[in-house]
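Hi there,

I'm passing a structure on to you, with some notes on what turned up in it. Please have a look at it first, and then read on below.

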Amino acid sequence: MDKVLMDLRPEVVFLGRAYAKPVMNRICGLRFPRQSCSHGERGFLEVKSSNSIATTSSEGIDSVAPRMLLGNASSNTNGSSSTARFWTSPEEHCVLESCEDEYGGIIVIPEKLPWNTNAFAYVLQESLSSWKMKGKKGIWLKVPLGRSELVPIAVKAGFKYHHAEQAYVMLTYWIPEGPCLLPANASHQVGVGGFVINENNEVLVVQEKYCSSTSVGAWKLPTGFIHESEEIFSGAVREVKEETGIDTEFVEVISFRHAHHLAFGKSDLFFICMLRPLSFEIKIDEQEIEAAKWMPLNEFMEQPLIQDDNMFRKIIDICIARLGKRYCGLAAHQVISKFDGRSSSLYYNVVEPQDFNCQGV
């Protein structure tokens, strides 16, 4: 009988990571053995040896090939070091390291993805089989930019694109038959505009360096998009500071617009915030802003951009009503809900009758 003779001093590597003994690691609030998948899920092994692999015939090599990752075995006939990567046995399999989300779905740990594409393809199929048997439903697979070679393998296995950011692409797999119940990608982008008026009844306005042909030469409020995990009120303060150099304090959300089918087919929320100026010397962002100045309110309102647009004209009317204390906007209040235990901003109007006239700007 042909045999494969191996004189090895093994160093076990689980999914491309070497460990001398089992190490427990807390991941997503759970504990996982980083060396092996216990109870029959031992995982992909890599054995580094200091001796060569010898065979008595080519048939011996062929008998081992199904358990090896092709292209990853090497040897040297003069007895120098060699490396062989192989599966522990046909019966044993490995699942991708993961944790459960709050709905019982699976979140694959992106830092623990196999570094070999053949290994990833094999373990992915084994993982899907295991998760199906366990009754799992939704699978989330985050592939970092540097591992983009894994994306076509996942797509071929049935994963679908969910969303992409600069550093990764997120793919999902819905196991049960019927419609997918995983939440869709974010549907909105959020913008803010700052209405800042000083004691001389002058409004802080800007001319953008890059704008549509209809807005060339027009003076407008400082605007921009809020960042991820940024509050509406702090986003408005930041945008005004970045574009004009003016420090401000948030007063209220005066109004907001909801529009659809805009950039990338997404919906858009745009919040107009009244801000109180804390400084007055303008220093523009020359990358985005052509000019900025304090403009008399009446002059600002008389611009064709304002007078010919029902929405802009209404926004300014509301701001003027707020200045005259005939209108109250939405102030931000920090609250904690038992639903998620987190602090969040709740925007609401004044409810006490004695405070109906609002505070002055």
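Let's start with Trp294, which is buried at 16% relative accessibility (buried is under 20% relative accessible area, exposed over 50%, partly exposed in between, with a 1.4 Å probe and protein chains only). A word on the background: this is a predicted model, where local features need pLDDT of at least 70, side-chain atom pairs count only at pLDDT 80 or more, and totals for chains, interfaces and linings use all residues. Residues are numbered from 1 along each chain as its sequence is written, and side-chain values use heavy atoms, leaving out hydrogens and water.

There are four aromatic pairs, counted when ring centres of Phe, Tyr or Trp (its six-membered ring) lie within 6.5 Å; planes under 30 degrees apart are stacked, over 60 edge-to-face, and the rest tilted. One of them joins Phe280 and Trp294, tilted at 45 degrees between the planes, with 6.1 Å centre to centre. Phe280 sits in the loop between strands E18 (267-277) and E19 (289-296), and Trp294, 14 residues apart from it, in E19 (strands are DSSP runs of at least two residues, helices H or I runs of at least four, numbered from the N terminus). Phe280 is partly exposed, at 48%.

Two charges sit over rings (NZ of Lys or CZ of Arg within 6 Å of the ring centre and within 35 degrees of the ring normal): Lys142 over Tyr168, 4.4 Å from its centre, and Arg147 over Trp115, at 4.1 Å.

Finally, helix H4 covers residues 232-244. Its buried residues include Ile232, Arg238 and Glu243, and Gly245, with a positive phi near 80 degrees, follows the helix.

Best wishes

Conventions
The expected span of a helix is 1.5 Å times one less than its number of residues.
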